Amino acid sequence: MAVPDSRLGIGLVVNGRRHELEVAADHTLLDVLRERLGLTGTKECCAEGECGACTVLVDGHAVNSCLVLAVEADEREVTTIEGLANHRLSPVQEAFLEAGGVQCGFCIPGMVMAAHYLLQQNADPSPDEIREGLSGNLCRCGGYNQICEAVAAAARRWVTQGVGR
């Protein structure tokens, strides 16, 4: 016997824009962002919360969007990599480009989001705190040192530009 497709109505604020959607109960936030809203900067990789490529901010907290059901994000504010820039790259995005921390680019959106969250919590992290802040995100192409350098550079900008105040 087939189970009927149960669809639920949700409201999401994604990158400052409200979206009213009907979603299947088992669809993840990642599915909705990529497939329904066309925000493909958030990457799908392991689908198990191990790699961090799908990291987004939900109500300001870094989460693996592959582990969050879309219905759990109902009436929440979601920020994706596309939403960090406000007519110009964020200090974190600028630092990643300048430090050569973009390599293949697949893990970078999740890394940038994790770094952004880290700097919201601690604007002046030590190298160990940077590594800890990125510990849920994997880089497979060898750009990890440049990524850590980029986060340190972004932290300096964060302080000098008064971001997060």
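## Helix packing and nonpolar cores

In this predicted model, helix 4 and helix 6 cross each other in a right-handed sense. Helix 4 spans residues 108-121 and helix 6 spans residues 144-160, and the two pack at an angle of about 40° with their axes 10 Å apart; the pair is therefore classed as oblique. The residues that make this contact are set out below.

| Element | Residues in the contact |
|---|---|
| Helix 4 | Ile108, Met111, Ala115, His116, Leu118, Leu119, Gln120 |
| Helix 6 | Tyr144, Ile147, Val151, Ala154, Ala155, Trp158 |

Sorted by class, the contact of helix 4 with helix 6 consists of eleven nonpolar and two polar residues, with no charged residues.

The largest nonpolar core comprises 25 residues, and those with the most contacts inside it are Val92, Phe96, Val112, Leu134, Ile147 and Val151. Two or more residues of this core come from each of helix 2 (81-84), helix 3 (91-98), helix 4 and helix 6. When residues up to four places away in sequence are not counted, Val92 touches Val112, Ala115, His116, Leu119, Ala154 and Trp158.

Ser90 lies in the loop between helix 2 and helix 3. Ser90 counts as buried because its relative accessibility is 6%, and the cut-off for that class is under 20%. Apart from neighbours within four places in sequence, Ser90 is in contact with Leu84 and Ala85.

Technical notes
Residues are numbered from 1 along each chain as its sequence is written. This is a predicted model: local features need pLDDT of at least 70, side-chain atom pairs count only at pLDDT 80 or more; totals for chains, interfaces and linings use all residues. Side-chain values use heavy atoms; hydrogens and water are left out. Axes are lines fitted to C-alpha atoms, for helices over the stretch in contact, and angles run from 0 to 180 degrees between N-to-C directions. Helices (H or I, at least four residues) and strands (E, at least two) are DSSP runs, numbered from the N terminus. Angles under 35 degrees count as roughly parallel, over 145 as roughly antiparallel, 65 to 115 as roughly perpendicular and the rest as oblique. A crossing is left-handed if the near helix is turned anticlockwise from the far one by less than a right angle, and right-handed if clockwise. Contact means heavy atoms within 4.5 Å. Ala, Val, Leu, Ile, Met, Phe, Trp, Tyr, Cys and Pro count as nonpolar, Asp, Glu, Lys and Arg as charged, and the others, Gly among them, as polar. A nonpolar core is a set of buried Ala, Val, Leu, Ile, Met, Phe, Trp, Tyr and Cys residues joined through side-chain atoms within 4.5 Å. Buried means under 20% relative accessible area, exposed over 50%, partly exposed in between (1.4 Å probe, protein chains only).
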